[in-house]
Amino acid sequence: MIRVEHVMGMPIVVEVRDEPGSATLDRVFDWFRFVDETFSTFKETSEISRLNRGELSLEDAHPDVRHVLGRCEELREATRGYFDARATGDGALDPSGLVKGWSVDRAAALLEDAGSREYAVNAGGDMIVRGGTWRIGIQHPREQGKVAKIVEASELAIATSGEYERGHHVLDPHTGRAPEGVLSVTVTGPELGTADAYATAAFAMGEDGPAWTARLPRGYEAMTILADGRVLSTGAFPAV
Amino acid sequence: MRKSAIVLLTVTALAVPNVEAYAATKAQKTAPKKKVVTVTQSFTGVPGSADRWGEVQVTIVVKKTTTTIVKTKKKTVTRRISSVSVPVYPNHTSRSIFINQQALPYLVQETLQAQGANIDMVSGATYTSQGFETSLQSAVLKEKAA
């Protein structure tokens, strides 16, 4: 059973290969709509917008909001400041870089709770797959419609950051400029929110990114495509 | 001598239907009776956003061939995208028209070439082709679910 909906400003694809239940898919998409209402920086009524306007205090915010903002802070420290929800230029908080992946992680947990063991949740090209075999193409950074590599996995979160990344260009928070020498960074691992933040940070580091990805925590692997065409992968990156 | 030759020939002649029968049995073993059903149908994806340029929508025509082995009822399905069209694409500025005149035929061509790669999903997507990929992917998924 497959469903595609536009939520959070992007297409979200949920494919369940076992025990398809449309009530379960309803719950998953209800969850994404809740996340959009709560976290969107484009919606004036979201808790993030209200926090940014000073109309809501952190103590009164939804537990999920407190959790995500806390995790953003941990990831900022873990990435030497290259993933920074506060680097918006105007002092506002923008946890969008974590919210997408984190909400997919939670959606996967909903599917698990409903008994599914073979599914994919794909939010705008960053995804979690589980069960059976999934072949995931990694977008070629220079040639549209082509894949650069293929990853094959049965249980994986995978996120790709690149200069083409949707909605915004990834900037180095320390300089405010776009990184040079790197075209895209793909990170795989157990959690999508974390993998996505690592991919964003490694991309923002530019040519220093690959060396940093070599020291990612256990379970996380990375592949960096450099502007000169070199592809640098960590030891256990699951490319076919 | 002659008689035996006739006998031999007769044997040979008698053997012909036997060979045919054997061939028929063998043919049944290697190529069992099949029922082949071909359905050609078009599927339109959800509109994909090409960011500030607007929306892209892709329609694919898929030729689906279902081969059923009559005896075992075992089914094999092959799918082939036979054409890709883009009924909705950003065209509100001369620049977006230019981009799409350049990019869309290329993307269509790439789609037809890439289907051999047998990929379930794509991680990351280019800025301009994002909407195209999105819409294409949903059209392909709709076809699979049909």
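A residue counts as buried if 20 or more other C-beta atoms lie within 10 Å of its own. The views below are taken from a predicted model.

**View 1. Helix 5 of chain A is largely enclosed by the rest of the structure.** Of the 13 residues in this helix, 13 are buried, so the helix is largely enclosed. The end C-alpha atoms of helix 5 of chain A are 18 Å apart, which agrees with the 18 Å that its 13 residues should span at 1.5 Å a residue. Just after the helix, A:G206 adopts a positive phi of about 65°.

**View 2. A:T200 is a buried residue of chain A.** This threonine belongs to helix 5 of chain A. A:T200 has 25 other C-beta atoms within 10 Å, and the cut-off for a buried residue is 20 or more; A:T200 is therefore buried. Leaving aside residues up to four places away in sequence, A:T200 touches A:F83, A:G97, A:S161 and A:V170. A separation of 8.0 Å lies between the C-alpha atoms of A:T200 and A:G162, which are 38 residues apart along the chain.

**View 3. The largest nonpolar core holds 76 residues.** The members that touch the most others in this core are A:V121, A:M127, A:I128, A:V187, A:A195 and A:A202. Helix 5 of chain A, residues 192–204, supplies the largest share of the core, 9 residues. In soluble globular proteins, nonpolar side chains tend to be buried together.

**View 4. A:M127 touches residues of chain A and of chain B.** In chain A, the contacts of A:M127 are A:V104, A:A120, A:V121, A:N122 and A:I158, with residues up to four places away in sequence not counted. In chain B, A:M127 touches B:M121 and B:S123.

**View 5. The buried residues of helix 3 of chain A line one face of the helix.** Helix 3 of chain A comprises 16 residues, 63–78, and reaches 22 Å from its first C-alpha to its last, close to the 22 Å expected at 1.5 Å a residue. Its buried residues are A:V65, A:V68, A:C72 and A:L75. An α-helix has 3.6 residues a turn, so residues three or four places apart point the same way. On the other side of helix 3 of chain A, A:P63, A:H67, A:G70 and A:E77 are exposed.

**View 6. Several helices cover the buried residues of helix 3 of chain A.** The cover includes helix 1 (22–39), helix 2 (47–52), helix 4 (96–113) and helix 5 of chain A. Just after helix 3 of chain A, A:R80 takes a positive phi of about 55°.

Key. Residues numbered from 1 in each chain as written. Chains lettered and ligands numbered in written order. Predicted model: local features only at pLDDT ≥ 70, side-chain atom pairs only at ≥ 80, totals over all residues. Core = buried A, V, L, I, M, F, W, Y, C linked by C-beta atoms within 7 Å. Buried ≥ 20, exposed ≤ 12 C-beta atoms within 10 Å, placed from the backbone. Helix = DSSP H or I, 4+ residues; strand = E, 2+ residues; numbered from the N terminus. Contact = placed C-beta atoms within 7 Å. Expected span 1.5 Å × (residues − 1). Arc of directions from axis to C-beta.
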